[in-house]
Amino acid sequence: MSESRPGAIAIVGMAGVFPGAPDVHRYWQNILAKVDATGDPPPDWEAQLYLDPEAKTDDHPYCVRGGYLGPLAEFSPAELGVTPSSVDGTEPDHFLALRAAHEALLDASIVSAKVDGTRTEVIVGRGTYVNRGNTAVVQHTVMLDQLLRILKQLHPEHSDAELAEIRRGLKASLPPFHAETAAGLVPNIITGRIANRLDCMGANYIVDAACASSIVAVDHAIRDLQSGRCDLAIAGGVHASTPPPIVTIFCQLKAISPRGQIRPFDAGADGTLLGEGVGMVVLKRLEDAERDGNRIYAVIRGVGVASDGRAVGLLAPRLEGEELALRRAYETAGVAPRSVGLVEAHGTATTVGDVVELEALTRVFGERTGTLPRCALGSVKSMIGHLMPASGIAGLIKAAL
């Protein structure tokens, strides 16, 4: 098969921050060293206030372990012309995504003076969960009002002036909320900020397709490159904040491992662990990358997209849907499944999810023949946890490396 097969897309730049890894170089070294980057949440999470190992109530998680960024969630506002007062109190996704996009362009040896910004687009997979910044806004508003109303009922002797003083004290203990931070609480401004700071004038938008978000973002970028709508695309995913409400929701779904271990495809696997991270890739048409002398990490030949349709349950995976996505990917790419040597799987370590994924792969790849395996199967979630909307880009970057 020719390396210049029409429609092929080259990955020419990559960047990211993952649990235990401030950059993709360290990320790869951790993979080689078999590092387990999951653990307890950072101190500011105050896990002791929320954790209920016995799960006696519906408002506390039974496990809080995961792949947290902690101090690796760093951002230097001055470096990218961001007002420092607009950062604290916002969703960290905005600024870590900007940092990763900038570093991915640098990794591709692309600077703004050498790229046509009118032909460059930005597409990022990002969930619409209630994250750190939005939780703080709710505390500033609704929760404070409710708390003071209850306090007034319990202690009617407090004057309005005393209640106002209590309000000021409580607000001072929260992350800031003001006009400069407001934009950093709106999810779809993530890509607008990247386009603004990096002078990209092509399309920019976020994609929320659940765990497939970042791969769907890459798929959209590929289609726009193939159609000629753009010449350069920055695509990826981000999930940089996992506050207690998100973990509590997934505990209610019984998706989190009670033992606090994530073991994809293991017979004893009992659930997933949530993770945080951001990953970005810079994409060009393969012929353009070869013409321009870009370093090429990997070539994407096809993407398969499918839904489960009418499955057994709303959140239950369906074998036929996963098989359909796989077949579409290999047919589009013109690649025979039996020629593949590595599958980077979704591999969430949930009992039903892993079984269905293995069955779908078996249908497409066929049963094992001979005594030795011919294709490796892995899931980087075993190292960093499930990054939800950023999980796909974490796997793509691993496979490219």
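**Exercise 1.** Work out which residue pairs with aspartate 40 in a salt bridge, and how the two residues are placed.

*Solution.* Begin with the rule, under which a salt bridge is a side-chain nitrogen of Lys or Arg within 4 Å of a carboxyl oxygen of Asp or Glu. Aspartate 40 meets this rule with arginine 65, since their closest N and O atoms are 3.9 Å apart. Next, locate the pair: both residues lie in the loop between helix H1 (24-32) and helix H2 (92-107), 25 residues apart, and they link distant parts of the chain. Helices here are DSSP runs of H or I with at least four residues, strands are runs of E with at least two, and both are numbered from the N terminus. Finally, consider accessibility, where buried means under 20% relative accessible area, exposed over 50%, and partly exposed in between (1.4 Å probe, protein chains only). Aspartate 40 is exposed at 56%, whereas arginine 65 is partly exposed at 29%.

The model is predicted, so local features need pLDDT of at least 70 and side-chain atom pairs count only at pLDDT 80 or more, while totals for chains, interfaces and linings use all residues. Residues are numbered from 1 along each chain as its sequence is written, and side-chain values use heavy atoms, with hydrogens and water left out.

**Exercise 2.** Describe how arginine 363 and glutamate 323 are joined, and how the helices that hold them pack.

*Solution.* The two side chains meet in a salt bridge, with 2.9 Å from N to O. Arginine 363 belongs to helix H11 and glutamate 323 to helix H10, so the pair ties together parts that are 40 residues apart in sequence. Arginine 363 is partly exposed, at 43%, but glutamate 323 counts as buried, at 14%. Turning to the helices themselves, H10 and H11 (residues 351-365) pack at an angle of about 45°, with their axes 9 Å apart. H10 is therefore oblique to H11, because angles under 35 degrees count as roughly parallel, over 145 as roughly antiparallel, 65 to 115 as roughly perpendicular, and the rest as oblique.

**Exercise 3.** Examine the salt bridge between arginine 285 and aspartate 288, and find the network to which these residues belong.

*Solution.* The side chains of arginine 285 and aspartate 288 meet at 3.0 Å, N to O. Arginine 285 is buried, with a relative accessible area of 15%, and aspartate 288 is buried as well, with 10%. Both residues take part in a network of salt bridges that also links Arg119, Asp231, Lys284, Arg291 and Asp292.

How values were computed: Axes fitted to C-alpha atoms, helices over the stretch in contact; angles between N-to-C directions.
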